[in-house]
Amino acid sequence: MKNKLNCILLIDDNTADNRYHQIIIEEMNICNNIQIVQNGLEALDYLKNENHMSPELIFLDINMPKMNGWEFLKAYENLDAKQKAKITIVMLTTSGNPEDKKRAEAISEISGFIVKPLTEEDINEILELHFST
Amino acid sequence: MEQIIDFFSNLFGTESWPPRWHCGMWTDFHGWLYICSDLAVWAAYFVIPVFLIKLIKQRPGIPFPSAFWLFAAFILFCGLTHLMDAIIFWWPAYRLSALIRFCTAGISWATIIALFKIFPQVLTLKTSLEFDAEIAERKKVEETLRTSEQKLMGLLESAPDAVVIADKHGKIIIINNQTEKLFGWTKDELIGKEVELLIPQRFQKHHPEHRNNFLKDPKVRGMGVGLALFGKKKNGEEFPVEISLSPMQTSDGLIVSSAIRDITDRKKIEKKLEDYTIELENKNKEIEQFAFLASHDLQEPLRTISNYANLFEKQYKNKLDNNADEYLSYITDGTHRMQSLINDLLEYSRIGRDNSIIEMNCNTILEEVIKDLSSSIKNSDTDIKSEQLPIINGYSDLKSLFQNLISNAIKFRKKNTQPIIHITVKSKDKEWLFAIKDNGIGIDNIYQDKLFKIFQRLHTKEEYPGTGIGLAQCKKIVELHGGKIWIESEPEKGSIFYFTISKNITL
């Protein structure tokens, strides 16, 4: 068994999806903590907060009000290295639009591109790729 | 020499000879017969030249008048020799007689030489019979000309178009009634005027130049093909026209006939048709956009249902009663089916949305497809053979076309027979013709036209899974590439799917 992750951050405005993904992740028992925010702005606030629990893995939705996934990524680039340390970002999308996929592949911060819903296999693959020691 | 001088100095001398009466034995009868005949001949020979000269004086058109003068002189001199012969009976001026004879001989030979010279030309002269025939012929031609002129006018008048015939300077020679009606001018007003009168002001300046260019290479053709042409009525009103020009060579030089058609109505219809087409295209785009957005946006709520139905099934199956389990299974089944339908619809409406045309190697595409389908190819032991395929310009959707057709061929294979798929291609004039042949279950004729319609299925879900969108996608992809798709098939023998891809694809 691999080491458990400390924290996973879910950024999605869809509460049903957040809850579902939370259940899937919890069932897999791979992390101690799951943090949920509703959009990019809230995510930035969360990451900038001194007392936050630093996430190792972020699942990022694209379409969100206030600040969407792409806008979040732009703002994320400007964060302190300390705040970004060791973070893996996986993009979540509704439709698997090939254009979105192309766009995501061009951004170095993004480590994966998954069409919702998040499944056990998806998570295992991510862990295998980015967190196996 | 002495003799010659003597001859001329005594030209009228008679002393060396006796008059002819005294020379030999003349009877009165004999002598006077001689004298009278000579005088009669002289008189006649004197009158003939008078006629000849009168003739050429009064009929100036007579050919070779110099020959007539020569004839007149020749005959006159012949007459003189006869006169001299008669005079010698009393006045024996033999020297003068010799001189007259010499002159006669000279003029005779001059006449003969002249005859030699003009004879070939004389032979070509028309006789009056020939002239008569020619005149008759001419009359006939004139008559024909007149009738053909009448026919031409009849034709001009019966033509549906306004016809304006102008000479090479652009002056109007003939117009028909339709021209009067169309332009509002009368024949009298137009004939002799320049054709530019019938053209709107703004085109008048360049028209003579166009006219001259036409005259440089005159042949039957439409005027200003592809350009919007306008005519101008007497009242200044403009209207769209179509004009065809035909040059005619006449004895007065080149003339040009223009058939002018008022296309106001046609333009209106064209405009209407164009508007309809644009409207239809917009509607079509709207529908496509609608299908895209609907399928895109429906995914999210549907996913929520499906996620939680799955979760519900996972956590509560066998914990409720049998009915609950059954109902739940219908819910999850239904959501899954709807998900695949919506997914397919989304994929279908995405075809061509990424409108960039790229160069693609069909061999590479096929390799990728075979790789993607490797497990089903392996499981079914399918043998795929292909000719060398071309490199073509097209949309990236082309891969789905090959993928759909090949996976269909594998899916609808015959039981207990190794599936064999054969891909061939032919280069045609303007397109590539691909053929994908299988030895599968085939399809009955009666279903073949339904085959390419969206969500049409010929088999139950249990027999062959699928939403029935694959071939509709193929059709859309092929049409995107300016091509057609069709099938030749016989049940139990296999199918050949043909499709064409234009060699010149435009966005």
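These legends describe close-up views of a predicted model. Residues are numbered from 1 along each chain as its sequence is written, and chains are lettered from A in the order in which they are written. Local features need pLDDT of at least 70, side-chain atom pairs count only at pLDDT 80 or more, totals for linings use all residues, and side-chain values use heavy atoms, without hydrogens and water.

**View 1. The second largest pocket.** This pocket has a volume of about 710 Å³. A pocket here is an open set of points on a 1 Å grid where a 1.4 Å probe fits, with protein on both sides within 12 Å along at least five of seven lines; lining residues have an atom within 4 Å of a point. The volume is the space filled by probe spheres set on the points. Of its 32 lining residues, B:Ile199, B:His207, B:His210, B:Met223 and B:Ile243 are the closest to the centre. Elements of chain B that give two or more residues include strand S1 (162-167), helix H8 (201-204) and strand S5 (238-250). H9(B) gives the most, with 6 residues. Helices (H or I, at least four residues) and strands (E, at least two) are DSSP runs. The lining divides into 19 nonpolar, 8 polar and 5 charged residues. Asp, Glu, Lys and Arg count as charged; Ala, Val, Leu, Ile, Met, Phe, Trp, Tyr, Cys and Pro as nonpolar; the others as polar.

**View 2. An aromatic cluster in chain B.** B:Trp21, B:Trp26, B:Trp32, B:Tyr34, B:Phe89 and B:Trp90 form one cluster. Over all chains, the structure holds 20 aromatic pairs. Rings pair if their centres lie within 6.5 Å; planes under 30 degrees apart count as stacked, over 60 as edge-to-face and the rest as tilted. B:Trp21 and B:Phe89 are edge-to-face, 5.2 Å centre to centre with 70° between the planes. They stand 68 residues apart in the chain. Both B:Trp21 and B:Phe89 are buried (under 20% relative accessible area; exposed is over 50%, partly exposed in between).

**View 3. B:Tyr34 against B:Phe89.** The ring centres are 5.4 Å apart and the planes meet at 55°, so this pair is tilted. B:Tyr34 lies in helix H2 and B:Phe89 in the loop between H3 and H4, so the pair ties together parts 55 residues apart in sequence. B:Tyr34 is partly exposed, at 31% relative accessibility. B:Phe89 is buried, at 0%.

**View 4. Charges over rings.** A:Arg103 lies over the face of A:Trp70, 4.1 Å from the ring centre. In chain B, the charged end of B:Lys503 sits over the ring of B:Trp432, 4.4 Å from its centre. The test asks for NZ of Lys or CZ of Arg within 6 Å of the ring centre and within 35 degrees of the ring normal.

Terms used
Rings of Phe, Tyr and Trp (its six-membered ring) pair if their centres lie within 6.5 Å; planes under 30 degrees apart count as stacked, over 60 as edge-to-face and the rest as tilted. Buried means under 20% relative accessible area, exposed over 50%, partly exposed in between (1.4 Å probe, protein chains only).
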